[in-house]
Every structure is written in C-alpha cells, then in structure tokens.
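Work through the exercises below with the sequence and the 3D view open. Try each task before you read its solution.

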Amino acid sequence: MSIVSLVFIYLVLLFPVFGFAATPSQYGLQEGDLIRAEGDPDIYIISEHGFKRLFLNPLIFGFYGHLGGWKNVKAVSPQTRDAF
C-alpha cells in the first residue's frame with residue numbers, strides 16, 4: 001500500500017464526510033422541503049442528512065405531486081442551497 005493511500009485512508013477516518021453536512025433545521029427547513037436558490041430555476045429536494053437531489057426537468061417534477069408542486073418550493077439563498 002502506498003503512502004498516498006495510507007494518508008487518504010487516515011484523512012477519511014479522521015474527517016468523515018457526513019460530519020460536516022448541513023442539516024435542514026440549521027436553515028429553518030425540514031427533511032423533504034423543496035428549495036431553489038434565488039435567481040436559479042433548478043429545484044432540489046433536501047434530506048435530513050445534508051444532501052440535495054436535483055429534479056432534472058419539469059416533467060419529472062410533475063411525477064412527484066405528493067410533494068405539493070410548485071407552490072411548495074421555497075426560495076433560499078445560493079449559500080443555503082450550496083450548504084447541502
């Protein structure tokens with residue numbers, strides 16, 4: 001095993017990726033909220049684990065009617081969007 005591999009493994013163990021993830025409650029949001037950044041048409045759904053998932057197009061977004069549609073999309077700052 002090379003020294004680079006060992007250093008990488010050490011860093012992954014020392015600084016786990018999930019330890020730095022934002023949570024929706026830090027931004028006044030909840031798991032499953034739909035967000036878009038001000039001035040950006042892209043819509044994401046956020047998770048409690050700090051991830052966001054992009055809806056690739058309006059047709060796909062329409063398949064998720066149980067989320068409440070366009071009226072439930074919350075406008076957030078680009079910094080909030082990028083935290084996920």
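**Exercise 1: Rings in contact**

Phe55 is buried, as its relative accessible area is 12%. The cut-off for buried is under 20%. Keep in mind that this is a predicted model.

Task: Classify the ring pair of Phe55 and Phe61 from its distance and angle.

Solution. 
- Step 1. A pair of aromatic rings is described by the distance of the centres and the angle of the planes.
- Step 2. Rings pair if their centres lie within 6.5 Å. By this rule there are four aromatic pairs.
- Step 3. For Phe55 and Phe61 the centres are 5.0 Å apart and the planes stand at 85°.
- Step 4. Planes over 60 degrees apart count as edge-to-face. The pair of Phe55 and Phe61 is therefore edge-to-face.

Task: Is Phe61 buried or exposed? Then classify its pair with Trp70.

Solution. 
- Step 1. Phe61 has 5% relative accessibility, so Phe61 counts as buried.
- Step 2. The ring centres of Phe61 and Trp70 are 4.5 Å apart, with planes at 45°. That angle makes the pair tilted.
- Step 3. Now look at Trp70 itself. Its relative accessibility is 56%, so Trp70 counts as exposed.
- Step 4. Phe55, Phe61, Tyr64 and Trp70 form one aromatic cluster.

**Exercise 2: The largest pocket**

Task: Describe the lining of the largest pocket.

Solution. 
- Step 1. Start with volume. The largest pocket has about 220 Å³.
- Step 2. Count the lining. It has 13 residues, and Ile45, Lys52, Arg53, Leu54 and Phe55 lie nearest the centre of the pocket.
- Step 3. Find the elements. β2 (44–46) and β3 (52–54) each give two or more residues to this lining. The largest share, three residues, comes from β3.
- Step 4. Sort by type. The lining holds eight nonpolar, two polar and three charged residues.
- Step 5. Look again at Lys52. Lys52 lies over the face of Tyr44, at 5.4 Å from the ring centre.

**Exercise 3: The chain and its loops**

Task: How many helices and strands does the chain have?

Solution. 
- Step 1. The chain has three helices and four strands.
- Step 2. Read from the N terminus. The order is α-β-β-β-α-β-α.
- Step 3. Check burial. Of the 84 residues in the chain, 26% are buried.

Task: Which side chain does the side chain of Asp40 make a polar contact with?

Solution. 
- Step 1. Locate Asp40. This residue sits in the loop between β1 (34–37) and β2.
- Step 2. The relative accessible area of Asp40 is 18%, so Asp40 is buried.
- Step 3. The partner is Arg81: the two side chains make a polar contact at 2.7 Å.

Solution. 
- Step 1. Ala22 lies in the loop between α1 (3–14) and β1. Glu31 also lies in the loop between α1 and β1.
- Step 2. Go from sequence to space. Ala22 and Thr80 are 58 residues apart along the chain, and their C-alpha atoms are separated by 9.1 Å.
- Step 3. Glu31 and Ser47 are 16 residues apart in sequence, with 4.8 Å from C-alpha to C-alpha.

Terms used:
Residues numbered from 1 in each chain as written. Predicted model: local features only at pLDDT ≥ 70, side-chain atom pairs only at ≥ 80, totals over all residues. Heavy atoms only, no water. 1 Å grid on protein atoms, 1.4 Å probe; cavity = no way out; pocket = protein on both sides within 12 Å on 5 of 7 lines; lining within 4 Å. Points joined across faces, edges and corners; volume = space filled by probe spheres on them. Nonpolar A, V, L, I, M, F, W, Y, C, P; charged D, E, K, R; others polar. Phe/Tyr/Trp six-rings, centres within 6.5 Å; stacked < 30°, edge-to-face > 60°. Buried < 20%, exposed > 50% of the residue type's maximum accessible area, 1.4 Å probe, protein only. Lys NZ or Arg CZ within 6 Å of the ring centre and 35° of its normal. Polar contact = N/O pair within 3.5 Å; in protein donor to acceptor, adjacent residues only side chain to side chain.
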